[in-house]
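Hi there,

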Amino acid sequence: MPVFYPLFGIGCLWLLLLLALSAARREARGQQIRRLRAEASRISAAWLRLGARLGLLQHDVRSSAEPLAPGTIVIANHPSLVDVVFVLAELPQLCCVLKSDLRRVPVLGRLVRALNYLSNEDPERLLAEGEARLRAGESLLIFPEGTRTKGAPALSFKLAAIELALRTGATVQPVVIHYHGRYLSGLGRWYEMPVKRLHYRVEVITPVSPPLAPTAADRRRLRPRFKAALERGFEQRLNRFYPDQARFTRREPSSQPL
Amino acid sequence: MNINDLKNLLAEEFEVPEEAVTVDAHLFDDLEIDSIDAIDMLSRLRELTGIEVPADALKSLRTVGDVLTLIESR
C-alpha cells in the first residue's frame with residue numbers, strides 16, 4: 001500500500017478541520033484564506049520531513065532567490081504528481097492555478113475553493129482573474145506545461161503564465177524540479193510502489209523580469225520569445241545536473257493544438 | 001459571419017494578411033494566431049455576433065474552417 005496517499009488524505013482532513021473551525025469563528029474571508037494557505041505550506045513541509053524520516057523520500061533544495069515580491073508568478077516544471085508539495089513547502093501563501101478536474105474531486109474540491117485557488121477551465125477568465133490577483137499583490141503558482149511532463153522530457157509551455165507576466169510586468173520566479181523516477185510520474189500506475197527512495201532536487205533560481213509590453217501588439221510579438229527564453233532557462237538547468245541521463249529537447253510547435 | 005468578415009477581423013486585430021486567410025489555413029502554423037490570440041478572437045466574435053462560445057471549444061480549433069463551423073453551429 002503506497003504510504004503517500006493516506007498521508008495526503010490526512011493533510012486534507014486537517015485542512016478541512018481548520019476550515020470548519022475558521023467558519024465557526026466567523027473569521028473574515030481574507031484572513032481565513034491566509035491562514036489556510038499558511039497551513040497548506042506547513043503540512044507540505046511536514047509531509048516532506050516525514051517522507052525523509054521514513055526513508056521514502058530524499059529532497060534537497062537550492063535557493064538563490066530572495067523572498068518573493070508581492071505579485072510574483074512562480075512557474076515550475078511538472079515531472080510528478082506531488083511537485084506542488086515541494087513548491088508550497090518552500091514558498092508559502094501562493095495561489096495555485098489548478099487543473100479544472102481537481103475542483104470536482106469531493107474533498108479536494110472543497111479545499112481548493114476554500115484556499116481560493118484558480119482553475120484553468122476557462123482561459124479567458126483565468127487571464128482576467130489572474131491579472132486582478134497579481135495586481136492586488138497575490139503571487140500565483142503555475143505549472144506552465146499544463147500537465148505532467150510525459151515520457152521523454154521535453155518542455156513546452158502554455159501561454160497563460162507568459163501573457164500574465166507581459167500584461168502585469170510581474171516578476172517570474174522559476175522553480176526547477178529534478179526528478180527522474182517513474183513513480184508518480186504519470187508513466188506508471190498510481191498504486192505502483194516505488195522500488196527505491198524517491199530523490200528530488202528543487203532549485204529556486206534567479207527570477208526573471210518580463211520585457212516591457214504596453215500594447216496587445218507588443219505582447220503578441222513578445223510571447224513566443226519570452227516563452228522560448230523561459231523554456232531554455234529550464235532546459236539548461238535540467239541538463240546541468242543530469243548531463244547523461246536526460247537530454248532535453250524542445251518539442252516543435254508545428255500542428256500542436258492551440 | 002462569413003469568411004470575409006473573419007478576414008477583416010483577423011487583419012484588424014492581428015495584422016494577418018487577408019490573402020493568407022483560407023478555409024484550410026492553420027491558425028497557428030499559417031496565421032501565427034496563438035492560444036491567447038484565439039481567446040481574444042473569440043471574445044471579439046462574441047461582441048460582433050452575440051454567439052456564446054464554451055470555454056473548451058478553443059481546444060478543438062485548428063483551422064479557419066473550424067472557426068467558421070463553430071460560428072455556424074451557434
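Let me start with chain B, whose secondary structure comes to three helices and zero strands. Followed along the sequence, that gives the pattern α-α-α. Please keep in mind throughout that this is a predicted model.

How does the radius of gyration of chain B sit with that of a compact globule? The two agree: for 74 residues a compact globule would have a value near 11 Å, and chain B has 11 Å. Taken along the principal axes, the box filled by the C-alpha atoms of chain B is roughly 25 × 20 × 20 Å. Of the 74 residues in chain B, 28% are buried. If you look at the contacts in chain B with a separation of 6 or more, 40% of them are between residues 24 or more positions apart.

Next, a helix pair within chain B. Helix H1(B), residues 3-14, packs against helix H2(B), residues 35-49, at an angle of about 125°, and their axes are 11 Å apart. The crossing in which H1(B) passes H2(B) is right-handed. On the H1(B) side you will find Leu9(B), Glu13(B) and Phe14(B), and they meet Asp37(B), Asp40(B), Met41(B) and Arg44(B) of H2(B). By type, the residues of this contact are three nonpolar and four charged, with no polar ones.

Chain A has a helix pair to set beside it. Helix H2(A) covers residues 29-53 and helix H3(A) covers residues 83-90; their axes come within 8 Å and cross at roughly 115°. That angle makes H2(A) roughly perpendicular to H3(A). Here the crossing is left-handed. H2(A) brings Ala40(A), Ser41(A), Ser44(A), Ala45(A), Trp47(A) and Leu48(A) to the contact, where they meet Val85(A), Leu88(A) and Ala89(A) of H3(A). The contact of H2(A) with H3(A) divides into seven nonpolar and two polar residues, and no charged ones.

While you have chain A in view, have a look at Thr72(A). This residue lies in the loop between strand E1 (57-63) and strand E2 (73-76) of chain A. Is Thr72(A) buried or exposed? Thr72(A) is buried, because 23 other C-beta atoms lie within 10 Å and the cut-off for buried is 20 or more. Apart from neighbours within four places in sequence, Thr72(A) is in contact with Ser139(A), Ala170(A), Thr171(A) and Gln173(A). Gly9(A), on the other hand, is 63 residues from Thr72(A) in sequence and 29 Å from it in space, C-alpha to C-alpha.

Finally, the place where the two chains touch. How many residues of each chain are in contact there? Chain A has 14 residues in contact with 15 residues of chain B. On the chain A side, helix H5 (123-135) and helix H7 (216-241) each supply at least two residues. H5(A) gives the most, with three residues. The side of chain A that touches chain B divides into seven charged, five nonpolar and two polar residues.

That is everything I have for now.

Best wishes

Notes. Residues numbered from 1 in each chain as written. Chains lettered and ligands numbered in written order. Predicted model: local features only at pLDDT ≥ 70, side-chain atom pairs only at ≥ 80, totals over all residues. Axes fitted to C-alpha atoms, helices over the stretch in contact; angles between N-to-C directions. Helix = DSSP H or I, 4+ residues; strand = E, 2+ residues; numbered from the N terminus. Left-handed = near helix turned anticlockwise from the far one by under 90°. Contact = placed C-beta atoms within 7 Å. Nonpolar A, V, L, I, M, F, W, Y, C, P; charged D, E, K, R; others polar. Parallel < 35°, antiparallel > 145°, perpendicular 65-115°, else oblique. Rg over C-alpha atoms; globule rule 2.2 N^0.38 Å. Buried ≥ 20, exposed ≤ 12 C-beta atoms within 10 Å, placed from the backbone.
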